[in-house]
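Open the model in your viewer and keep the selection tool at hand. We will go from one stop to the next, and at each one you will hear what to select and what is there.

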Amino acid sequence: MARTYRSFAKINLHLEVVGRRPDGYHELRTIFQTVDLHDLLTVEAADALDLVVEGEAPPGAENLVHRAARAFLDRFARGRGARLRLEKRIPIGGGLGGGSSDAATTLVGLADLLGVRPSTGELLEIARGLGADVPYFLVGGTALGLGRGDEVRPLPDLPEETLWLVVPPVQVPTAAIFAALPEPVGGPDPGVAPILEGSWSGDLAQLPGRNDLTATVLAGYPEVRTVYNALIRAGASCVRLSGSGATVFAAFADPASGEDLSASLPSGTRVIRARTMSRATLEGCKLIEGTEGG
Ligand code: C5P
């Protein structure tokens with residue numbers, strides 16, 4: 001029997017670029033947070049590996065889901081296959097980690113389907129090889145990402161809150177943004193210490209921290225700049241880029257103020273009302289009930 005999983009998006013509540021690494025990547029200190037926007041991934045037993053993609057995402061073997069499945073089968077279930085169907089809802093190239101989330105869900109879904117029990121370390125190793133954000137999606141909730149963002153430590157979950165994901169009509173290529181970054185600026189942000197310690201009692205409207213990719217993205221992508229400035233003008237208390245964009249998330253002191261945001265944004269901009277999710281909520285609703293095999 002087929003099993004269908006919700007594969008959730010993330011935002012970066014905070015993203016500090018600490019420095020360049022010899023391997024070409026950047027050393028980060030970032031705080032990830034799961035949000036309830038999700039793709040759907042269905043896995044089913046089959047002799048060979050096959051992926052069907054519905055919606056806006058690369059088809060077949062070009063998709064990260066296919067690469068994740070190939071890596072998993074080669075390592076843990078040689079000679080076996082799976083039929084996968086991905087229903088894409090998370091905007092791609094949007095800084096919401098949709099492709100990375102789908103890849104992590106593929107690993108978990110295949111382990112369940114095939115009755116393979118890889119250790120957490122083995123799953124994390126495959127996840128790292130697929131992309132810097134993939135390991136986070138094996139953890140979820142509020143979490144700290146160090147190294148390339150792939151050394152993930154769960155943090156105490158923050159309360160679940162409403163926020164707005166505002167997606168300008170443009171995709172931002174992550175590698176190009178990192179390549180165009182000036183030498184790291186800033187330094188450690190003491191404002192986020194209470195989140196790391198689990199003592200922060202504010203709400204998203206007062207979110208501390210920053211995103212060090214912001215200036216580079218706003219300079220290169222006028223569509224993102226326009227949305228960012230429009231959100232500030234619309235009275236959002238927190239306006240922050242997620243990852244390398246293009247998504248900007250916003251929180252209002254009074255969440256009702258976000259209801260008519262679309263009117264103040266350029267046409268083609270998607271506005272998605274979302275909620276942050278704790279690890280406990282997330283674990284309880286990943287697998288869609290009634291799709292479990294016997
Ligand atoms: O690992 P992933 O494929 O998601 O990263 C995309 C690109 O973003 C990398 O090839 C790299 O150029 C850049 N990157 C970086 N430092 C990170 C994460 C990503 O420079 N910590």
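Start by selecting residues 222–233, which form helix α8. Helices here are DSSP runs of H or I with at least four residues, strands are runs of E with at least two, and both are numbered from the N terminus. The expected span is 1.5 Å times one less than the number of residues.

Before moving on, a word on what you are looking at: this is a predicted model, in which local features need pLDDT of at least 70 and side-chain atom pairs count only at pLDDT 80 or more, while totals for chains, interfaces and linings use all residues. Residues are numbered from 1 along each chain as its sequence is written, and side-chain values use heavy atoms, with hydrogens and water left out.

Now colour Val224, Val227, Tyr228, Ala230 and Leu231, the buried residues of α8. Buried means under 20% relative accessible area, exposed means over 50%, and partly exposed lies in between, using a 1.4 Å probe and protein chains only. Look down the axis of α8: its buried residues fall within an arc of 165°, so they line one face of the helix. That arc is taken from the directions from the helix axis to the C-beta atoms. An α-helix has 3.6 residues a turn, so residues three or four places apart point the same way.

What do the buried residues of α8 pack against? Show β7 (162–167), α7 (214–220), β8 (238–241) and β9 (248–251), and you have the partners. Contact means heavy atoms within 4.5 Å. Just after α8, click on Gly235, where phi is positive at about 95°.

**Between β8 and β9**

Next, select Ala246, in the loop between β8 and β9. The peptide bond that joins Gly245 to Ala246 is cis, and its omega is near 10°.

**Helix α1**

Select residues 64–76 for α1. This helix has 13 residues and reaches 18 Å from its first C-alpha to its last, close to the 18 Å expected. Its buried residues are Leu64, Val65, His66, Ala68, Ala69, Phe72 and Leu73. Their cover includes β2, β3 (49–54), β4 (81–87), α2, α3 (120–130) and α4 (134–139).

Zoom in on Leu73, a residue of α1. Leu73 is buried, with a relative accessible area of 1%. Leaving aside neighbours within four places in sequence, Leu73 is in contact with Leu49, Arg78, Arg80, Gly81 and Leu114. Draw a distance from Leu73 to Val116: these are 43 residues apart along the chain, and their C-alpha atoms are separated by 10 Å.

**Helix α2**

Select residues 98–114 for α2. How many of its 17 residues are buried? The count is 14, so α2 is mostly covered under the cut-off of 20% relative accessible area. Its first and last C-alpha atoms are 24 Å apart, close to the 24 Å expected. Gly115 follows α2 and has a positive phi, near 65°.

Within α2, pick out Ser101. Ser101 counts as buried, at 2% relative accessibility. Not counting residues up to four places away in sequence, Ser101 touches Ser7, Phe8 and Phe137.

**Strand β1**

Turn to Arg20 in β1. Is Arg20 buried or partly exposed? Arg20 is partly exposed, with a relative accessible area of 43%. Beyond residues up to four places away in sequence, Arg20 touches several others, including Tyr25, His26, Phe178 and Leu181.

**The empty spaces**

Rolling a probe the size of a water molecule over the atoms shows where empty space is left. On a 1 Å grid over the protein atoms alone, a cavity is a set of points where a 1.4 Å probe fits but cannot get out; a pocket is an open set with protein on both sides within 12 Å along at least five of seven lines; lining residues have an atom within 4 Å of a point. Grid points are joined across faces, edges and corners, and a volume is the space filled by probe spheres set on the points.

The largest pocket holds about 1100 Å³ of space. Of its 44 lining residues, select Ser100, Asp133, Thr174, Ala175 and Ser244, the closest to its centre.

Finally, find the largest cavity, with a volume of about 30 Å³. Select Gln33, Leu158, Pro159, Glu161, Leu204 and Thr276 to see its lining.
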